[in-house]
Amino acid sequence: DVDHVISIGHRLVEVYPERNFPTEESKPVKGEKLNRPALISLYQCFPVNMKCESDDPEERRQELIKKYERQALRNGYEFVDYDYENGVYRIRVKNF
């Protein structure tokens with residue numbers, strides 16, 4: 001049941017959400033089912049009310065990319081790239 005395994009909300013996607021999988025033991029073993037390395041593409045990721053000191057579009061783009069890189073590092077996944085024009089943010093995770 002996909003709804004039990006994946007939870008999608010506003011600015012949030014969870015695989016094996018804690019409310020359904022409260023312990024590590026309740027999740028599949030790493031490497032099984034969805035608990036494996038994955039490349040994730042998030043669409044429609046455009047900045048909302050992002051403050052930037054520059055009006056230069058290239059500087060704004062670079063600042064947003066740095067923001068996504070920091071977010072990836074903080075959350076334990078790998079930043080792959082961000083397509084500023086199309087709002088596509090790609091990350092890589094080792095497992096869920």
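**The core and its rings**

The largest nonpolar core has nine residues, namely Cys45, Leu64, Ile65, Tyr68, Ala72, Phe79, Tyr82, Tyr89 and Ile91, where a nonpolar core is a set of buried Ala, Val, Leu, Ile, Met, Phe, Trp, Tyr and Cys residues joined through side-chain atoms within 4.5 Å. Helix H2 (57–75), strand E4 (78–83) and strand E5 (88–93) each supply at least two residues of this core, and H2 gives the most, with four residues; helices (H or I, at least four residues) and strands (E, at least two) are DSSP runs, numbered from the N terminus. This is a predicted model, in which local features need pLDDT of at least 70 and side-chain atom pairs count only at pLDDT 80 or more, while totals for chains, interfaces and linings use all residues. Residues are numbered from 1 along each chain as its sequence is written, and side-chain values use heavy atoms, with hydrogens and water left out.

Tyr82 counts as buried because its relative accessibility is 6% (buried means under 20% relative accessible area, exposed over 50%, partly exposed in between, with a 1.4 Å probe and protein chains only). Leaving aside residues up to four places away in sequence, Tyr82 touches Cys45, Phe46, Pro47, Leu64, Ile65, Tyr68, Gly87, Val88 and Tyr89, contact meaning heavy atoms within 4.5 Å.

Ring pairs link Tyr68, Phe79, Tyr82, Tyr84 and Tyr89 into a cluster; rings of Phe, Tyr and Trp (its six-membered ring) pair if their centres lie within 6.5 Å, and planes under 30 degrees apart count as stacked, over 60 as edge-to-face and the rest as tilted. The structure holds five aromatic pairs. The rings of Tyr82 and Tyr84 have centres 6.2 Å apart and planes at 80°, so this pair is edge-to-face. Tyr84, at 23% relative accessibility, counts as partly exposed.
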